[in-house]
Amino acid sequence: MLGCHDLGRAPENALVVSVEQQSSWVRRFNPLSPMATPRWPSKGGIYETLMTFNSAKESWVGVLATGFSWDESGTVLRLVLRKQVKWSDGSLFSADDVLFTFELMRTHPGLDTGGVWKHLESVSMTDAGLEFQFKAVHAPLFDGIVQTPIVPKHIWTKVEDPVRYADESPVGTGPFTQVLRFDPMIYELGANPHYWEPGIPKVKRLRFPAYSSNDQATLALVRGEVDWAGNFVPAIDTTYVRKDPDHRRYWFARTGTMVFLYLNQLVDLFKDVDVRRAISCSIDRERLVDIAMFGYTRSAFQSPYSDGFAKWEKSPDQKITGCESLVQKSRDALKNAKPLEILVVSGWSDWVRAAQLVARDLAALGLDVKVRTLEFGTWFGRVQNGDFDMSIGWSAEGSTPYQLMRGLMDPKLALAAGEKSVQNWHRYGDEEAGRLLEILARTVDEKKSLEIVHQLEDRFYATLPSIPLFPNPSWAVFNESNYTGFPDPKTPYAGGSPNALPEAALVLKRLAPVESQP
Amino acid sequence: MRKKLLNYFLAGWGALTLNFILPRMMPGDPVEATLGRLKGRLTPEIEAAIRSAMGQAEGNIFEQYWNYLSGIVTGDWGVSVVRFPEQVSTLVWNALGWTLLIAGTALILSFVIGTFLGVLCARRPGEGLDRWLPPLLIFIGGFPYFWLAMVSVSYLGYSLDWFPVRHAESVERYFDTTWELVLNRAWHAALPIGTIVVASLGGWLLTMRNALIGELGTSYVQMAFSKGLSERQVIFGYAARNALLPSITNLGMALGYVVAGALLTEIVFSYPGQGLLMLEAIRNQDYPLLQGCFATVTFAVLGSNLLLDLLYVFVDPRTRRGGDES
């Protein structure tokens, strides 16, 4: 009877990807609807975007568009479209499809997750491609426009309600468009027969088994059943790599978002910058990274930037100096403080450990701090409503630090108590930073943007609105026994994590089966 | 009888109402759960788009309640939020099959085996089998079930590689014959069923053993013995039948919880049943799905109790007279 579970026909070779943790799959590939996450890799792999951001090199890669330019006023963005691109049903892709997609987002605000029509005046066709006319200069809009997945007009005009549309059999321009199999616990995608890049993709089949938890996903990885995964693996060198060091590797780039200790400005104690500094001083970051994060990341002392924003950084991150006098200065304020709580989501074990270590460090300052773990919904509600003392949380992503800085210090987002804010949970507003953010939004010139971002960085250092702890690693685990060509720090043609779409589609296009495979 | 049915109706209505109220008392809402999954990509603009797409809950709370109740009756349980655009009834129905397979089989197996072992132990109390089997099973049953299941996954599934560690069938494989598929599913169900049986055997054994020992001491049994009947005839013909009543009561109770009771099993073994579905619904604050899952549990518990009430009339003649009043 042993080995009974191996009954049945062995499957064809396929690249096995473990990316979302779900107990079963729903057949849904609509890349635009925010109702629910579409199946991987809808955004980028099935439906391509105009351009894709390479987080490892911090640069843009052309996909459906081959280039872009701004006019002098900075209110017109021109994109050159790639020629000879076909949809997976064989019909020709054109600027008309792009126009249609943006029109769809205008008529259905529910699809406009990038908020592009807040700043966009109109879109029109040109000889080479498209022209986006802005209402006023708003440079951060670039991300939203070029990373919009483009859908085919000839199919989607017939869709009655594109927001609720499931899109079970997608027609896209991406490298993988054919749904070969779809069962509740597994689905498979096949290569697009009409893909525009000759000879690409070399992988002919993708397979996605449903792993319901991180434990299950890790178990499958360790057993060698998965080729590419984007989940956290405890003690990865001993549990995973050691079993087959020639083929198994990982790349935990520090390009995720910075993890902060947020200090709520509604608590009087935290209004004093010296107190905030003293708190930052007292946290033993090395121990934090070692114990809470298994040494998978680095410490962050003062800089709000993960490695994903390296090119915007003015001065490299340094340890805080003059800690002793700072702590001395705020000793009285700290001694008389009422008991405080750090909120963290229960089950997010790395952050829970981090919160416990922070609480211990703060106790040395004379503060009475307790860690409180909450269910995600409760935590998220309280944090957004400003109903907390301290909390550990993520920060905003983006191709520039605009969203990040906005979330940290924009006075427009520093709402009153009880008002719900999706960013700037700690409710810190700095007028000077607000002014700089407005200028940054109106600047398209890269050199000028850099100058303003540097000034914002100075503001951050001067005010320390929240305490940086460590950059969240971008989880990427590879097994090159069957397929090779994954990126690494030496060949950073893309970041390695399958979680980052549309970027991960760049990796899918590079992978190739190992020659000697039977 | 009419009174009894009215009681069931009231209990059902109360449970369904609680089922409507409780999820709404949880902090947050489905929209927020969706927002939370976006993490760093979340900006005020995206929030606006999602709220506009998902809309606010339809109607005020009374309208929602009315729609909910009428939906339960007509079978329209709404659309799941997390599994959008799947119908809740389809999801629940699919999951129910798997749960009944493992939890139902496990219940029947542990009832039959446990009760039979109970009879064997009761024959010679304090000697032979009875000396070591009940303590051993109680000892095993005393472990937290979660731990027992994890150890079996880790040792039997992972280290020895004798059993599959997830799913209800080998999803990667293609099956040409039904026979292959059935065997494969049985193999996947073996460990989940096995762990439940091992953990619950002790309870059944003790119930039967204790009831039977008591029964063997009564005068009618003594009389049967003195009339010269064999031990086998006495135990299976008289004593065991009467001693079975408490076990049957327990079985009826357990039957109702079969639908919900395999929660831990399904989580550890990643088995696609009702328990895993319920967990997902709670995590994502999927009200329609949550209501569907709880309604199923409500119906299962009430239904099995009703069944038990009816069954008692046949098993225990004494209850028949009590029911004559209506």
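Leaving aside neighbours within four places in sequence, which residues is A:D143 in contact with? The first legend below takes that up.

This is a predicted model, in which local features need pLDDT of at least 70 and side-chain atom pairs count only at pLDDT 80 or more, while totals for chains, interfaces and linings use all residues. Residues are numbered from 1 along each chain as its sequence is written, chains are lettered from A and ligands numbered from 1 in the order in which they are written, and side-chain values use heavy atoms, with hydrogens and water left out.

**View 1. A:D143 is a buried residue with no salt bridge.**
Here we're looking at A:D143 in helix 3 (residues 141-146) of chain A; helices (H or I, at least four residues) and strands (E, at least two) are DSSP runs, numbered from the N terminus. Setting aside neighbours within four places in sequence, A:D143 is in contact with A:W60, A:G398 and A:S399, where contact means heavy atoms within 4.5 Å. "Buried" stands for under 20% relative accessible area, "exposed" for over 50%, and "partly exposed" for anything in between (1.4 Å probe, protein chains only). A salt bridge, for its part, is a side-chain nitrogen of Lys or Arg within 4 Å of a carboxyl oxygen of Asp or Glu. For A:D143, the nearest side chain of opposite charge is A:K43, 9.8 Å away; Lys and Arg count as positive and Asp and Glu as negative, while His and the chain ends are not counted.

**View 2. A:K329 and A:D274 join up in a salt bridge.**
Side chains of opposite charge can pair when their charged atoms come close. In this pair, N to O is 3.4 Å. A:K329 is exposed, at 61% relative accessibility, whereas A:D274 is buried, at 19%.

**View 3. Five strands of chain A make an open sheet with mixed pairing.**
The strand order is 15-14-16-13-17, and two strands pair if DSSP finds at least two bridges between them. Strand 15 and strand 17 (467-471) are the edges, each pairing on one side only. Neighbouring strands are turned by 20° against each other on average, direction ignored. Strand 14 and strand 16 (residues 390-393) of chain A pair in the parallel sense over two bridges, and A:I342 stands opposite A:M390 in strand 16. Lying across strands 14, 15 and 16 is helix 12 (residues 376-384) of chain A, which runs at about 130° to strand 14. Axes are lines fitted to C-alpha atoms, for helices over the stretch in contact, and angles run from 0 to 180 degrees between N-to-C directions.

**View 4. A salt bridge links A:E341 with A:R372.**
The N to O distance is 3.5 Å. A:E341 belongs to strand 14 (residues 340-345) of chain A and A:R372 to strand 15 (residues 369-374) of chain A, 31 residues apart. A:E341 is partly exposed at 23% relative accessibility, and A:R372 is partly exposed with a relative accessible area of 37%.

**View 5. Strands 4 and 5 of chain A form a hairpin.**
Strand 4 (residues 65-70) and strand 5 (residues 76-81) of chain A pair in the antiparallel sense over five bridges, with A:R78 as the bridge partner of A:S69. Five residues lie between the two strands, and A:G74 in the turn has a positive phi of about 80°. Strand 5 also runs antiparallel to strand 7 (residues 129-134) of chain A, joined by five bridges; there, A:L79 stands opposite A:L130.

**View 6. Over in chain B, B:E231 and B:R124 meet in a salt bridge.**
This one comes in at 3.0 Å, N to O. B:E231 is in helix 10 (residues 231-261) of chain B, and B:R124 is in the loop between helix 5 (88-123) and helix 6 (129-142) of chain B, 107 residues apart. Both are partly exposed, B:E231 with a relative accessible area of 26% and B:R124 with 40%. As for confidence, chain B has a mean pLDDT of 83, pLDDT being the predictor's confidence in each residue, from 0 to 100.
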